[in-house]
Amino acid sequence: MTLQNLREEIVGIDAEVPILGGDHRRYVFLDNAASTPALRGVLRAVEQFLPWYSGVHRGTGFKSLLSTEVFDAAHDTVGRFVGADLRANTVIFVKNTTEAINKLANRARLGRDDLVLTSVMEHHSNDLPWRRHATVHHVGVTRDGRLDLAALQRLLREHQRRVKIVAIHGASNITGLLAPVHEIAELAHRAGARIFVDAAQLAAHRAIDMLPDDDPGHLDFLALSAHKMYAPFGTGALIGPRAFFEEGEPDAVGGGVVDIVTLDEAVWNRPPHKEEAGSPNVLGGVALAAAVRVLRQIGMETIASHEHHLMEYAYAKLSAMRGITLYGPTENLTEKVGVIPFNVTGVHHALTAAIMGTEGAIGVRNGCFCAHPYVKELLGVGLEEDRILTAEIRAGNRSRLPGMVRASLGCYTNEEDIDALMEMLERIVRQEYHGSYVQNTATGAFLAEGFVPDFRAYVPFDEPTTPPESRAASEAS
Ligand SMILES: Cc1ncc(COP(=O)(O)O)c(C=O)c1O
């Protein structure tokens, strides 16, 4: 597998979708930061495995023994992919990064006197779980939207030993900026804290090395999501010291997590089983391991340099375009994974995104991307404005929801995809789009009049009974 033939390996790459006016166009998918499409290699691995699939652990039949072996090995494949020393660390399969962070926060034996340092740049998933258990300090950003490392250092110095965990992104889902995680790990360790890295946006874009446990730059804990790594089968992973998870009670209890149960006692199993309550998602694990094998085969360095080339290509065009506001740094693009946040001057972010999809067959995303504090910081939303907007949203009116548009790249993205994005942007800037768009104030989304695709012609499903307003108000990724 190479980058050249990779596009053929993407499920659905040639899909054509309807656009306003009745035509169909090749779909250009630029929302890879939310979820990537599946790799054929992943699909093949799942298909090859399915005839042998059976429930794992403790079954005595051949299929169960085989499935157990494959599923357990998948844990190690993921651990090796991130450079974990598997003699001392364990790989726990969870649903996704969000579940991984909740588990870690639940299991970290924190109290209100303990501090967790995170940053205003984080996805809500690497912020809200910590708030439940400890006192959280948010490290701010510099004027150009980077993590304020000096402020982090100051906080660590000020609160030596009280900081238990520094919880930081590997790469931002808004600006794509990479955090200097090994440098932060050294600072955290020196202050007596541990580091957790949210690698949701990192794992499919850059090689990760947690480093040996005795290295000062060692990453203590790390989480990732398979659906952002070309294996959308419902699995994620949390990697961390086995000894940490051997202590205390698991956060979810039931089958699988115990060795022995009497009517008044439970003896816990060893990690990772202790932390994977109930019947695990075997297929998800198989799929994630298969994705890791394909990514390894292509080479993470190759992926990083391809992405860098595309970012240079895109930013050169964007910088030359009038009427576009870019957020975060626009130079030194090696410091960023393939995420491009922008707005078109005078055009609501939700309208830009709707036109892209409806007239350009381009899949992007808009809004605050589950990182409200960072997006508002980049947009320069002041406290008073924020208060007014929050009151509007609480009252059910999302029409003025602040936000931006995000185009995000995958390893299979090519220059043609970027060109398609630029062409549509030019059209929006020049107001050369055709549709008449109406905003739904409850969801904030814009819909083109007369554009009513028949989704059931593509995939069979039952007619939903809940109205769109009650389904679409929340945002993710
Ligand atoms: C940086 C970051 N962290 C965490 C998450 C949460 O990942 P998941 O939705 O897979 O739990 C995301 C999702 O977009 C993300 O971008």
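**Ligand shell and sheet**

Modeller: By class, the ligand's shell holds one nonpolar, 10 polar and two charged residues. Ala, Val, Leu, Ile, Met, Phe, Trp, Tyr, Cys and Pro count as nonpolar, Asp, Glu, Lys and Arg as charged, the others, Gly among them, as polar. This is a predicted model: local features need pLDDT of at least 70, side-chain atom pairs pLDDT 80 or more, while totals for chains, interfaces and linings use all residues. Numbering runs from 1 along each chain as its sequence is written, and side-chain values use heavy atoms, without hydrogens and water.

Colleague: Which of the 13 residues around the ligand come nearest?

Modeller: T98, D198, S225, H227 and K228. Being around it takes a heavy atom within 4 Å.

Colleague: What lies 2.5 Å from an oxygen atom of the ligand?

Modeller: A polar side-chain atom of T98. For Q201, a polar side-chain atom is 2.8 Å from a ligand oxygen. Polar contacts here are pairs of N or O atoms within 3.5 Å.

Colleague: How much of the ligand's accessible area does the protein cover?

Modeller: 94% of the 390 Å² that the ligand has on its own, by Shrake-Rupley with a 1.4 Å probe.

Colleague: New topic. What is the strand order in the open sheet?

Modeller: β4-β10-β9-β8-β7-β5-β6, with mixed pairing. Strands are DSSP E runs of at least two residues, and pairing needs at least two bridges.

Colleague: Why is one side of β4 and β6 left without a neighbour in the sheet?

Modeller: Because β4 (89-94) and β6 (135-139) stand at the edges, each with a single partner strand.

Colleague: And how do β8 and β9 pair?

Modeller: In the parallel sense, over three bridges. D198 stands opposite A223 in β9.

Notes. Helix = DSSP H or I, 4+ residues; strand = E, 2+ residues; numbered from the N terminus. Polar contact = N/O pair within 3.5 Å; in protein donor to acceptor, adjacent residues only side chain to side chain.
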